[in-house]
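User: I would like to go through this structure by question and answer. Please begin with how the elements are assigned.

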Amino acid sequence: MTLLRQRLAAIDSTRGVWVALVITLTVGGVLVYADGGSLFHQSSIVSMLQRAAGLGIVAIGQTFAILAGSLDLSVAYVISLTSLIAAETMAGSEGNVPVAIAAVLAVSAGIGLANGLLITKLRINAFIATLGVGLLIKGYLEQGYAGPAGSVPTSVQRLGYDRIGPVPLSFLLMAAVAVAAWVVLQRTRFGHHTIAVGGDLDVARLSGVRTDRVLIGTHIICSICAGITGLYLASRLGAGAPRVGSEGGYDLESIAAVVLGGTVLAGGRGGVAGTVGGVALLAAIDTIFNQLAVDPFFKQVVRGVVIIAAVAIYALRRRKAGRP
Amino acid sequence: MSATETGNAVPVRSEARRGLTGIGPILVILAVFLAAIAVRQPEFYDPPSLLAFLKRAAPLVILAAGQYFVIVAGDFDLSVGSLVTAEVVIAARLIDGDPALTWPVIAVMAGFGLMVGLVNGLITTMLRVPSFITTLGMYLILVGAVYTWTGGSPRGALSEEFRMLGRRGIEGVPYLQQLPYAVLVLAGVAVFAITLMRADFGKVLLAIGDNPRAAALSGARVARARTVAFVLSGLFAAIAAVLLGGFGGVSFQVGAGLEFTAITAVMLGGVVLGGGAGSVTGAMLGALTLEILFTLLNLLGVSGALKSAVQGLIIIAAVAVGNIRRRS
Amino acid sequence: MKISTAFAATIAAVTLLTAAGCSSDIPQTNPSASKGAGTGEQSKFFVQADYDREIALRKVTPTGPSDKPWEQALDPKLVDTAKYKKAGPYHLCFSNAGVGNPWRQVGFKNMQAEVALHPEIKTFTVADAESKDDKQISDITDLLGKGCDALIVSPNTTATLTPAVEQACAKVPVIVFDRGVNTQCAVTFINPIGGYAFGADGAEFLTQKMKSGGKVLALRILPGVDVLETRWAAAKVIFDKSGVDVAGVEFTDGDPAKTKSIVTNYIQRFGNIDAIWMDAGATAVAAAEAFEDAGKPIPPINGEDQQDFLKMWQDKKLTAIAPTYPTFQWRTPVIAALRILGGQQVASPWKLPQPTITDANLSQYVQPNMPPLHYAMCGCTMLPGYPANWGGKS
């Protein structure tokens, strides 16, 4: 019963962002048209979807951590690290691709496990634990790399560039990750437990949920998603890059996307559909601003306002709906 | 993330223990670091160089004290780093080398810090936006706005009078040679912060961090106290900006990353993220310990690139140790 | 029991920390590993042939008008561009890595002003990647959909834009500048001599001015940034060869307060430091101030062509040098694009001169009316909108 109610809540709190997306695209479309361009030209659509893909995959992973009442600040460094692992293991040869993928998944899962253990077993706050792990990876990267390294064979680069009609392969990859995540959250016991742990840790524990395992699981999923983004970026850049994750701001942006999507930062409410909407909204704003050649600094201001305003509106709606 | 949002209540402690919770470990760590420095660099303890160290550490200690108010009430302030940058850049543009404008501009900076804190506080409490999001948004807004305003590169210049506060001191003090103004400012801020925490306001803040609903039921004005905490954080960031701008001069880098360093410092000092436990003294000692650690890494000759790894390890270890102690 | 747990863990942490300290000291205790001390392993980015070429290029006399260094070229090899010839007016596109630091700010203003000089450029479309590699790749796709006649690219990272640039080359003439890409498909690649020359200019000056066996502190902005790695790689070669003692190599994040703290710690640790080498000038003033605040004379130092440093150099009569990575290079891609679209030959690669500011020519670069972080070597003083658009006072 409670789970059902929570699921309903998840659906309604993640709907707002899609409304915002439609409004943004309409207004943006008109503005760009007035400026003499077109937002729905094939190349703009391709780049919009392309922009969404990289951030989308990390943000889907981040959704798990946040739903469980945690968060992961190490993803940006995991992305840089795995892009390097991928490109260096592949070393330009197709034969190494399966090994490279396995290595990326193993390393990222290991980092997720470490995050999860620090949080559950040593009871370190997620903020500090993942910040600390991020700093450790950063140190390793700074010590070991002077710039881009490794090389990705052309066949793998196609993941970053090929598309079917206007839809890039990478967007399909993100869609696949999103569907898988949705199924896990909605249809599996692990998913229900994740929501329960985020809703109220003590209640979940008392009702027999193995909360530590669930938290560790969400962190492993989160890191693996960051690893997949690392792979995707390696395919796009043709090499691994030690600063691609941190310069891309994937840590804070993924959290922002999740929250924009209506998932509550404290956990227990929200879902993947909202996150995908949040990512799409950020990508749409980016593309519109690009088309209008808006000053990048002013763009920052707008992003900040949008994030605060969106969350304020969600909070207001929830209060109106009588769920404090 | 915050206690108000998660409801993952921190175990309630007796009033008497609260004040001292968590200070033990940070004192031990600080002592070990100080001992390590004594071995490696005994000259560090000459009064002038010790004071010079305190002068460098003052801005972070002040920021940590400001961040403490916010954290202990169960919130976050991620905007302080960008606020410091904004303040310094604003000061340079307004002063533009004119000594007569020094004090008026410092007043403007204080006002700006108070205002940013007030906005953070009101959005968080009135609109019920989690402080992580409010201050993350504010961070983006401040960075973007200050770059837009200056056309992307700092303009103008700070006056020598302005820079004095962070850079110079009272000369000719017997035994100490120079007593840096920054150290005096730090002492003032520390006394102010500790007094505040001993007053009713401090008790209310701790109670809110512990359990906001219980605090509200017992008559505390929760929203007001949380807002005041943000205002204090903004004001302290402004003070830190005056000292940092004075110490290092104008740049867009001056505040970069300071929010994470300040939060780390507060946690190192035994303050629990989520609120309700830990002391402002601990938070300030945490900041001092971090600065000592940075100095120690320089003195030991740890390679620049490895520093973040060592820092990450120490943070995790210190917080883990604090937790283990608290549980046993 | 409680305390002992805390102690054990702390001691463990400190031991580890000390161990980390020791391991980085290895080159000092084992000088045979490298002739100098404390400089560590050579960067993976170091390529001897490139180093030798850049060192030699410093002596080459550029061809082209001497009052317009942005139109000059060193040892130019001209390529034919007749196949790109097209009638105006033109639509120029520019994929910019970002404007996140003063160098890129000044440069971008130079480029905008250069565009304003040419009425035949009808539209100038810019996409700013905000220092994100992935965004820049999307930006290039975006721009290609806008009907550009030529595309200028300033890559965010060397090499990572290679596939995107190859895509673009198939559609329009491409001009790459500042950082390179791993493909020859662009019509030309424009940049000054390069990082090795920058690093060497500073290091050679310092080794001449400091006492033999003296201690030099190397201050770098960040690790892992390609264009900065070569600067340090060159300085390292020179320091190792000359036998000066590199007391430390530290990263400052470009933060003046952090820089000052680091320098103060080194002064304390070694009693004094005899020279400061920097891979970028942004925090040179802060480094020098650390000596002032410690009551010591400012040792030989290299900065860059930023006004705050040049002013301090002039006021305090420093023993200093300022190698530059001139921002006037931002004008050249526009000029090159117009030549290409006009079917004229262009140099490929187009190597620009890389002037150095010394005591002899310092006075002509100090501009008190310009903002503290303005780069003097901008070639912008005659451009429309100067000085107001660059933040200066007329």
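Analyst: Helices are DSSP runs of H or I with at least four residues, and strands are runs of E with at least two, numbered from the N terminus. The model is predicted.

User: What radius of gyration does chain B have, and why does it agree with a compact globule?
Analyst: The C-alpha trace of chain B spans about 55 × 50 × 40 Å along its principal axes. Because a compact globule of 328 residues would have a radius of gyration near 20 Å, the value for chain B agrees with one. That value is 20 Å.

User: What share of the contacts in chain B with a separation of 6 or more comes from residues 24 or more positions apart?
Analyst: Of the 328 residues of chain B, 66% count as buried. Among its contacts with a separation of 6 or more, the share from residues 24 or more positions apart is 80%.

User: Over which residues of chain B does pLDDT stay under 50?
Analyst: Chain B has a mean pLDDT of 88, with 92% of its residues at 70 or more. Where pLDDT is low, the predicted coordinates should not be read in detail. The model has 48 contacts beyond four places in sequence for the stretch under 50, which is residues 1-19 of chain B.

User: Which element of chain A has the lowest mean pLDDT?
Analyst: Chain A averages a pLDDT of 90, and 95% of the residues score at least 70. Among the elements of chain A, helix α5 (residues 97-120) has the highest mean, 97. The lowest mean, 52, belongs to helix α1 (residues 2-13) of chain A.

User: What is the class make-up of the contact of α4(B) with α9(B)?
Analyst: The axes of helix α4 (residues 47-72) and helix α9 (residues 181-198) of chain B come within 8 Å and cross at roughly 35 degrees; the crossing is left-handed. Residues in the contact include B:Leu54, B:Lys55 and B:Ile62 from α4(B), and B:Val185, B:Leu186 and B:Val189 from α9(B). By class the contact has 13 nonpolar, no polar and one charged residues.

User: Which helix gives the largest share of the side of chain B that touches chain A?
Analyst: In this interface 40 residues of chain B are in contact with 42 residues of chain A. Helices α1 (3-6), α7 (131-150), α13 (258-268) and α15 (307-327) of chain B each supply at least two residues of the chain B side. By class that side has 25 nonpolar, twelve polar and three charged residues. Its largest share, 13 residues, comes from α7(B).

User: Which element gives the most to the side of chain C that touches chain A?
Analyst: The contact takes 31 residues from chain C and 31 residues from chain A. By class, the chain C side has nine nonpolar, eleven polar and eleven charged residues. With nine residues, the element that gives the most is α4(C).

User: Is B:Tyr175 buried or exposed?
Analyst: B:Tyr175 has a positive phi of about 75 degrees although it is not a glycine, and lies in the loop between β1 (169-173) and β2 (177-180) of chain B. B:Tyr175 has 6 inside 10 Å, so it counts as exposed.

Methods: Residues numbered from 1 in each chain as written. Chains lettered and ligands numbered in written order. Predicted model: local features only at pLDDT ≥ 70, side-chain atom pairs only at ≥ 80, totals over all residues. Rg over C-alpha atoms; globule rule 2.2 N^0.38 Å. Buried ≥ 20, exposed ≤ 12 C-beta atoms within 10 Å, placed from the backbone. Contact = placed C-beta atoms within 7 Å. Nonpolar A, V, L, I, M, F, W, Y, C, P; charged D, E, K, R; others polar. pLDDT = per-residue confidence, 0-100. Axes fitted to C-alpha atoms, helices over the stretch in contact; angles between N-to-C directions. Left-handed = near helix turned anticlockwise from the far one by under 90°.
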